[in-house]
Amino acid sequence: MAEGPVRTGKPRGNLPPLDLYVPEPKYRPGDTVDYSHLQIPEPGLLARPDEACEAGATWPLTLDMIRVLDDDHRATGPWDPHLDPETLRRMLATMALTRAFDDRMYRGQRQGKTSFYMKSTGEEAISIACAHALAADDMVFPSYRQQGILIARGYPLVEMVNQIYSNRADPLKGRQLPIMYSAKDYGFFSISGNLATQFPQAVGWAMASAIKGDTRIATSFVGEGSSAEGDFHAAMTFAAVYNAPVVLNVVNNQWAISSFSGFAGAERTTFAARAAGYGIAGLRVDGNDILAVYAAMEWAANRARANKGPTLIEHFTYRAEGHSTSDDPSAYRSAREAEDWPLGDPIMRLKKHLIALGEWSDEQHEAMDRDLAEQVKAATKEAEKNGILGHGLHHPFHTMFEDVFEELPWHLQEQAEQAIRERQTKWPEWKE
Ligand SMILES: Cc1ncc(C[n+]2csc(CCOP(=O)(O)OP(=O)(O)O)c2C)c(N)n1
Ligand SMILES: [Mg+2]
């Protein structure tokens, strides 16, 4: 019998000791930022394969970047979606509305009206372009940074604010973290705090749609950090195996709270390149170029609708502000990163494009911003009538035991009674 290995626990002298590599972000607070290592191709150069092509025909695109808007603010190349000026102005207004809403809600958190908020500043093009490229009844499985989709689909701002304030009119009765909306009638799946769970759920929904012979497709969004979760890979496997009618998006905004994208694998290859490993179509797009995002989403949605399979899209962008109201990015990254971001600001880029087309002006833009700020203000004032955080105007206490079971089981009934008794003892003035 052969002898087993000798386990001495000591390194063997003739081999180098094993070593791990731990990624480190390029810039820390105060550092000068140099983006010359980023490969940003000229707009308009990439070919646009047929939507029904073999998945492999897209793989060179996963290592490149689809860009449409050039330095002169003109749309160029085969990916130009040729949208009419009216649609472009609508997309501009929806991006600006999303930003105005984010700004006011952020201030609302600082004023104590809500406990928490998350902005999507700098990433508005991704949500707004996707909402425009999808059919209104396609199903969206979002992360917490796609409020722009809900706004683009016409969900009432007042309802959003009610949810954020967890007030008496909160459609989710204070049971979800602020900003974790759920809007069934708008094809917007409940946002989950457990990162990436929406990815396999979207694939499952898309498979069910196909099993039922429906025509609606699904789409989902995760941050690049969340793409390190097992759920991302389970979703990719199911999507590939069953050729599910789904568009899977990775929003690569470079940061996952204070962890940079290197910890999710960004130093090894692009996030879009993972498509090749699963054998599905993949696209990589300038996420701050709304025309490029629209074109990529339209391509992938048409492909899914024609039963040609799933697409993974990486949107290359930058999280221009903190992760959430609980975060202070000046503690871990250089402020120059956002200021010097070489792909610019998505709202400014579309604005300049419309001006170059002779379809917009600075004066119109300023007037629009004023109108939108008023619109958001009116919605917050309306929602405040239903209460803000800590002002007592929340859903009645006993409702927290309801809605899970059709009939309240005896043990929850007991807990409810005990909780109400304790509350009455502690606060005798308490009413409901
Ligand atoms: C499973 C899980 N792990 C960790 C967290 C804590 N967490 C919340 S957001 C976040 C960062 C996610 O970053 P990314 O996926 O890049 O999305 P972004 O915030 O940049 O949009 C983390 C780690 C969580 N909510 N769920
Ligand atoms: Mg991120």
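Biologist: What makes N253 and W255 buried or exposed in this predicted model?

Modeller: Buried means under 20% relative accessible area, exposed over 50%, partly exposed in between, using a 1.4 Å probe and protein chains only. Both N253 and W255 fall in the buried class, so each has under 20%.

Biologist: How do you know which residues coordinate the magnesium ion (ligand 2)?

Modeller: Donors are N, O and S atoms within 2.8 Å of the metal (3.2 Å for Na, K and Ca); water is not among the atoms, so sites may look incomplete. E224 (OE), N253 (OD1) and W255 (O) coordinate the ion at 2.1 to 2.3 Å, so they count as donors. Along the sequence, their spacing is E-x28-N-x1-W.

Biologist: Good! Why is the pair between S226 and ligand 1 called a polar contact?

Modeller: A polar contact is a pair of N or O atoms within 3.5 Å; within protein, one must be able to donate a hydrogen and the other to accept it, and residues adjacent in sequence count only if both atoms are side-chain atoms. A polar side-chain atom of S226 lies 2.5 Å from an oxygen atom of ligand 1, so the pair qualifies. For a backbone N or O atom of W255 the distance to a ligand 1 oxygen is 2.8 Å.

Definitions and conventions
Residues numbered from 1 in each chain as written. Chains lettered and ligands numbered in written order. Predicted model: local features only at pLDDT ≥ 70, side-chain atom pairs only at ≥ 80, totals over all residues. Heavy atoms only, no water.
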